[in-house]
Amino acid sequence: MDPTRDNPLIRFATFWWGIGTFLIFALLLAVIAFFSRKPPETLENVVAKVRYETKAKVEQAQAANLSKEAIDSAIPAVAEKLVASKPAAVEKPEQVVPGTPTAAKIAAAPAVDTAAIDVAPTADLPIDPAVMEIGKAQFLVCAACHGQNGEGGPIGPPLAGSEWVAGPISNLIRIQLRGLHGPITVKGIEYNFPVPMIALASQTDEQIAAVLTYVRNSFGNKASAVKPAQVAALRSEVGKPPLTVADLTKP
Ligand code: HEC
């Protein structure tokens, strides 16, 4: 080494120059890092970004909406099309709108002949256990209002020991097909529930016959079976307004 440089003072200065240069670079890097800082890409940030994009798109779409004038001017053409279109055929009683000509026509239909259905059976025929099984399954619907054992409850009168249940079959079938509005006297007590008995006409003829047969031969009741043909004979009742006691044959 050059002996002139081997001087403690020069060595000391060189050392500090080295440190200084190093610190200047470090500071430069720190400044660059500080100014190129970005918030971390968390999942929340990514989602928020998508949300803002969607919001912008929705706002754009809303801004492009039809003006009130455009809608007003389109109404006559649309209305004309609607009026000219043929209404869909009414296939179920629930589709009949109350107060329409169809509803009036159904309500004005001639009274059904119940006498042919209410003829007393000549022999005490045995009850088919298979029919009782179907009826028992179907009775779950009734049990909601009339109680598990037909004992009646806060929303339905008793079926056990009811003179209506043991009485004319046509009453029972028509109650299923049209529903029933109280008041009605069962076993000497007058019932009038806030919610009337609804029509359960969506059941098949077999189901109605089976549930009525079941009710007529359970909970201590004993009466003749109801046949699907008897239900079928009264199907024209479907869609008529709910029955009141005045519409029923006295048991
Ligand atoms: C939504 C509740 C409800 C359901 C479900 C219901 N009923 Fe009724 N039922 C009534 C009400 C309520 C009355 C009495 C009429 C009134 O007070 O408006 C009645 C009356 C009757 C009557 C005549 C009165 C009597 O106690 O003998 C019979 C029979 C009858 N229902 C049978 C049935 C059968 C069978 C079923 C099932 C297929 C059934 N009901 C399902 C509520 C219901």
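I count a residue as near a molecule or strand if one of its heavy atoms lies within 4 Å of it. With that in hand I looked up the ligand, and found 25 residues around it, of which C142, C145, H146, P158 and M197 come nearest.

Before going on, I note that this is a predicted model, in which local features need pLDDT of at least 70 and side-chain atom pairs count only at pLDDT 80 or more, while totals for chains, interfaces and linings use all residues. Residues are numbered from 1 along each chain as its sequence is written, and side-chain values use heavy atoms, with hydrogens and water left out.

I found a nitrogen atom of the ligand 2.8 Å from an N or O atom in the side chain of H146. An oxygen atom of the ligand lies 2.6 Å from a polar backbone atom of P158, and I also list an oxygen atom of the ligand at 2.7 Å from a polar backbone atom of G182.

Around G182. I checked the peptide bond joining G182 and P183 and found it cis, with omega about 0°; P183 is found in the loop between α7 and β1 (184-186). Helices (H or I, at least four residues) and strands (E, at least two) are DSSP runs, numbered from the N terminus. I then looked at K187, in the loop between β1 and β2 (189-191), and noted its positive phi of about 50°, although K187 is not a glycine.

Helix α5 against α8. I read an angle of about 90° between α5 (residues 129-146) and α8, with their axes 7 Å apart; axes are lines fitted to C-alpha atoms, for helices over the stretch in contact, and angles run from 0 to 180 degrees between N-to-C directions. That angle makes α5 roughly perpendicular to α8 (65 to 115 degrees; under 35 is roughly parallel, over 145 roughly antiparallel, and the rest oblique). Contact (heavy atoms within 4.5 Å) involves residues including F139 and C142 of α5 and Y214 of α8.

Helix α7 against α8. I found the axes of α7 (residues 169-178) and α8 (residues 205-216) coming within 11 Å and crossing at roughly 125°, which makes α7 oblique to α8. Among the residues making this contact are I169 and L172 of α7, and I208 and R216 of α8.

Conventions. Polar contact = N/O pair within 3.5 Å; in protein donor to acceptor, adjacent residues only side chain to side chain.
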